[in-house]
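Please walk through this protein with the model open beside the text, beginning at a single residue and then widening the view to the sheets, the loops and the whole chain.

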Amino acid sequence: MNSNVLTHGFKLPSGAAPIACVDIGGTKVAVNIVDDQGVRGKVSEPTATTGINDALGRQIIRLIGQSCDAADVPVQRIARVGVASCGPFVLNQGLVELAAPNICGGQAGPARGLPNDWKTALLEAPLRAVFAHVRVENDGIGALEAERRWGALQTNGVPMANCAYVTWSTGIGTGLCVDGHVLRGKNGNAGHAGHLFVSTNNDALCGCGNLGDVEGLIAGNAIARRFASAGYADSASLFAAAYAGDARANAIVDDLCEVMGRMLYNLIVTLDLQRISLGGSVYWHHRDHLLPRLRAVVKGKLPPLTEGCELVSAGLGERVGDFGALALVV
């Protein structure tokens, strides 16, 4: 890992125009400004999910303004905006709209309880109406690019050619790189491995409408939906019970790791990967507990492929989302 990024901070060259970095998740939106003084003016708030479907775009524009105020940077000086967002994406006249299951209630319908019926949320169009240079990518791709440049997916400063980043958070997402090429797909949606089917479990309704996909089974909000009736209101309470020796909680955690481990195995054998770095709030807060269990699920399965692939924690830690948006525009 390039420790200078974390220990000494990241700065643009002297005199460079500032850029805005936007990290959109199913739970929150975070924005910060980066200029020749460093990373500054971070603001965040819960992701907009009410009103009409331009609410998210308007929220981001407002937060960029607030971040500029906090950093004492005129918003008119913003040269570029990098947006790392949960997906999937839909292209409308070449511009990205979100069809994100944890934001758009029109995907799975009322059963998921989101306070809107949006099929998509406007994103790129409202931003381009205000800012001249905008790049929007899936947050898995942003995190992958950041990890390859500054984090755990490099060797002696050289980005790995066959690797992946996986987030275990509100949702499950990935960024994939094969033969040195970051995979994007026709609409920028390559890497949505969180929607792989791994079960016929009928209590695991994903926001995309699938029953029994990885995200519906193990994502942070899935844990609350599936296990609240058993006394585990959220992932934090589930893991607290597991650490306290609750046998049922430990069995649930083992089942979650079995699902995630199978997804990781599928990525490894499909893409012949060298290393996968893992991040996201669920994983990061419990990484010492989860990483050995995930390694154990993969270990011994088709050794010619799996023994050549490492599972590691994200080199950029909890800041991988911030640096993901930055990596898109520097």
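**From one residue to the whole fold**

T167 is buried, because its relative accessible area is 13%, where buried means under 20% relative accessible area, exposed over 50%, and partly exposed in between, with a 1.4 Å probe and protein chains only. This is a predicted model, in which local features need pLDDT of at least 70 and side-chain atom pairs count only at pLDDT 80 or more, while totals for chains, interfaces and linings use all residues. Residues are numbered from 1 along each chain as its sequence is written, and side-chain values use heavy atoms, with hydrogens and water left out.

T167 belongs to strand β11, which covers residues 163-168; helices (H or I, at least four residues) and strands (E, at least two) are DSSP runs, numbered from the N terminus. Once its neighbours within four places in sequence are set aside, T167 is in contact with I172, G173, G279 and G280, contact meaning heavy atoms within 4.5 Å.

The strand that holds T167 can next be placed in its sheet. Strands β13, β12, β11, β14 and β15 form, in that order, an open sheet of five strands with mixed pairing. The edges of this sheet are β13 (181-182) and β15 (310-313), each of which pairs on one side only; two strands are said to pair if DSSP finds at least two bridges between them. Strands of a sheet pair through backbone hydrogen bonds, either parallel or antiparallel. Between β11 and strand β14 (residues 275-279) the sense is parallel, and five bridges join the two.

Antiparallel pairing can be followed elsewhere in the chain, where strand β5 (residues 89-92) and strand β6 (residues 95-98) are joined by four bridges. N92 has L95 in β6 as its bridge partner, and the two strands form a hairpin with two residues between them. Strand β6 also runs antiparallel to strand β7 (residues 121-122), to which two bridges join it, and L98 stands opposite A121 in β7.

Some backbone details deserve a separate look. Most residues other than glycine have a negative phi, and most peptide bonds are trans. Q93, in the turn of the β5-β6 hairpin, has a positive phi of about 55° although it is not a glycine, and Q93 is exposed, because its relative accessible area is 79%. N156, in the loop between β9 (154-155) and β10 (158-159), likewise has a positive phi, near 55°, and is a residue other than glycine. N156 counts as exposed because its relative accessibility is 79%. The peptide bond from G87 to P88 is cis, with omega near 5°, and P88 lies in the loop between β4 (80-85) and β5.

Another loop to visit is the one between α1 (4-7) and β1 (19-24), where A17 is found. A17 is partly exposed, because its relative accessible area is 30%. Not counting residues up to four places away in sequence, A17 touches L12, R77 and A79. The C-alpha atoms of A17 and D36 are 7.9 Å apart in space, although these residues are 19 apart in sequence. Helix α12 (residues 320-327), for its part, is mostly covered, with eight of its eight residues buried; among them are F323 and L326.

With these places located, the overall view can be taken. The protein has 12 helices and 15 strands, and its C-alpha atoms fill a box of roughly 55 × 50 × 40 Å along the principal axes. With 330 residues, a compact globule would have a radius of gyration near 20 Å, and the 19 Å of the protein agrees with this; the radius is taken over C-alpha atoms, and the globule rule is 2.2 Å times the number of residues to the power 0.38. Of the 330 residues, 54% count as buried. Among contacts with a separation of 6 or more, 62% are accounted for by residues 24 or more positions apart. The accessible surface comes to about 13,600 Å², of which 51% belongs to carbon and sulfur atoms, the areas coming from the Shrake-Rupley method with a 1.4 Å probe and, for residues, with only the protein chains shown counting as cover.
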